[in-house]
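Here is a short report on one protein model, written for a reader who is new to structures. Please keep the sequence and the 3D view open while reading.

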Amino acid sequence: MDFCEHVAKPQLSDRGIRTPRSVLVSDVKGAAEAFGTIGASVVKAQVPTGKRGKAGGIKLANSPEEAAAHAEAILGMEIDGWPVETVLIEEQVPIARELYAAIIDDHASRGPMLLFSGLGGMDVEEVAERDPTAMRRIPIDLHSGPTESDLDQALDGLTFGAATADLRSALAALYQVWRDVDAELVEINPLVITSDDHVYALDCKLTIDDSSAPRQAELAKDAAPERQTELEQRAAAAGLKYIELDGSVGVLANGAGLTMTTMDVIAHYGGRPANFMEIGGEAYTKATTALGIVLDNPNVKALLVNFCGAFARTDVMAEGVVKAWEDLKPDVPVFFTIHGTGEDEAITLVQSRLGITPFDLMDDAVKAAVSAAAARD
């Protein structure tokens, strides 16, 4: 789940990281009125994506008229596919230095990692690409959080004067945010030092684990809506787990793990999966809907069906797909691989009704599907 800045920042301030005063508004009149409360302001588009400044979604305002004019220009914009429906009128602070800080999930160390750079702002990615040493990467112990040694490593060789203690506290608090809200990413860019040596978070990007929604119910209700394609919307309405991708090999499999493994094997053999679609459990009863969604993607040139049954019976799942195939009569080559409970019955069913013999090995089925898709591209 992703969150807009105005939702993410209170998670920082609640844990002691300073943030500027701000008011969220949805119209021009509200922007002018907010300026009257805040004073010299920054008018900021509220969408869950980066590069808002480069897109024209962040403007300085030094009068109510400027705040209103900027709000009028920004409201209704589209930034990275997101329509701007609200703007944040935020207090300007006297910036002396811009920094970057984040806590991310790090797969290599299997835990959180602190990212810190003495160079922040809109071009931090480009700076880090030009000079990899500009971004410090410090693995953090999941249980203890950042130690004094970790913070020393983050700030080593950099001078922050009277703001040093405040900065160290902010970095420690950033980890606490990550831990408390089940975050996958919590990023401050820029984290600034002001002319009076205070540390402020001028922005915050927050992403939390979808599966944490029951634990984070109060926060989750303010998550940004998922941006879905038309096919993904149809799948969600039908209660199906479907993600549209840019490849040409359609995938139907039972179980999220098997589906992802199938997608990885497709990539291994030089293909590109066109989707994630799981039809395990009771979803086999929706096989016609699932198959229709997968094949309504015009990029699908071949279909791979991969079933592996333990408690779920593969013959029951195969019955759903075979019936769907007979109903829809698609003109796409399809390749099956079936193993587990009920596999003999399932294989016989596919052979007798579709005239197709499933492959013994998943790798062979995948290679056949990748080859067929390439031939039709």
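## Two packed helices

In this predicted model, helix H9 (residues 256-268) packs against helix H13 (residues 362-376) at an angle of about 60°, and their axes are 9 Å apart. Helices (H or I, at least four residues) and strands (E, at least two) are DSSP runs, numbered from the N terminus. The axes are lines fitted to C-alpha atoms, for helices over the stretch in contact, and the angles run from 0 to 180 degrees between N-to-C directions.

H9 and H13 are therefore oblique to each other. Angles under 35 degrees count as roughly parallel, over 145 as roughly antiparallel, 65 to 115 as roughly perpendicular, and the rest as oblique. The crossing of H9 and H13 is right-handed, a term used if the near helix is turned clockwise from the far one by less than a right angle.

Which residues in H9 meet H13? Thr261, Thr262, Val265 and Ile266 do so, and in H13 they meet Met362, Val366 and Val370. Contact here means heavy atoms within 4.5 Å. The residues of this contact of H9 with H13 divide into 5 nonpolar, 2 polar and no charged. Ala, Val, Leu, Ile, Met, Phe, Trp, Tyr, Cys and Pro count as nonpolar, Asp, Glu, Lys and Arg as charged, and the others, Gly among them, as polar.

## How the model is read

Residues are numbered from 1 along each chain as its sequence is written, and side-chain values use heavy atoms, with hydrogens and water left out. Local features need pLDDT of at least 70, side-chain atom pairs count only at pLDDT 80 or more, and totals for chains, interfaces and linings use all residues.

## Cysteines

The structure holds 0 disulfides, a disulfide being a pair of cysteine sulfur atoms within 2.5 Å. Cys4 is in no disulfide, and the nearest cysteine sulfur, that of Cys204, is 11 Å away.

The table lists relative accessible areas, where buried means under 20%, exposed over 50% and partly exposed in between (1.4 Å probe, protein chains only).

| Residue | Relative accessible area | Class |
|---|---|---|
| Cys4 | 12% | buried |
| Cys308 | 43% | partly exposed |
| Asp182 | 22% | partly exposed |
| Asp197 | 35% | partly exposed |
| Leu252 | 1% | buried |
| Arg52 | 5% | buried |

## Backbone around strand S11

Most residues other than glycine have a negative phi, and most peptide bonds are trans. A cis peptide bond joins Asn189 and Pro190, with omega about 5°. Pro190 belongs to strand S11 (residues 183-194).

Asp182 lies in the loop between helix H6 (164-180) and S11. Its phi is near 60°, a positive value in a residue other than glycine. Asp197 sits in the loop between S11 and strand S12 (199-201). For Asp197, phi is also positive, near 65°.

Leu252 is part of strand S15 (residues 249-253). Leu252 and Leu240 are 12 residues apart in sequence and 12 Å apart in space, C-alpha to C-alpha. Not counting residues up to four places away in sequence, Leu252 touches several residues, including Met277, Ile279, Ala290, Leu291 and Val294.

Where is Arg52 found? Arg52 is in the loop between strand S3 (41-45) and strand S4 (58-61). Leaving aside neighbours within four places in sequence, the contacts of Arg52 include Glu5, Lys44, Gln46, Ile79 and Asp203.
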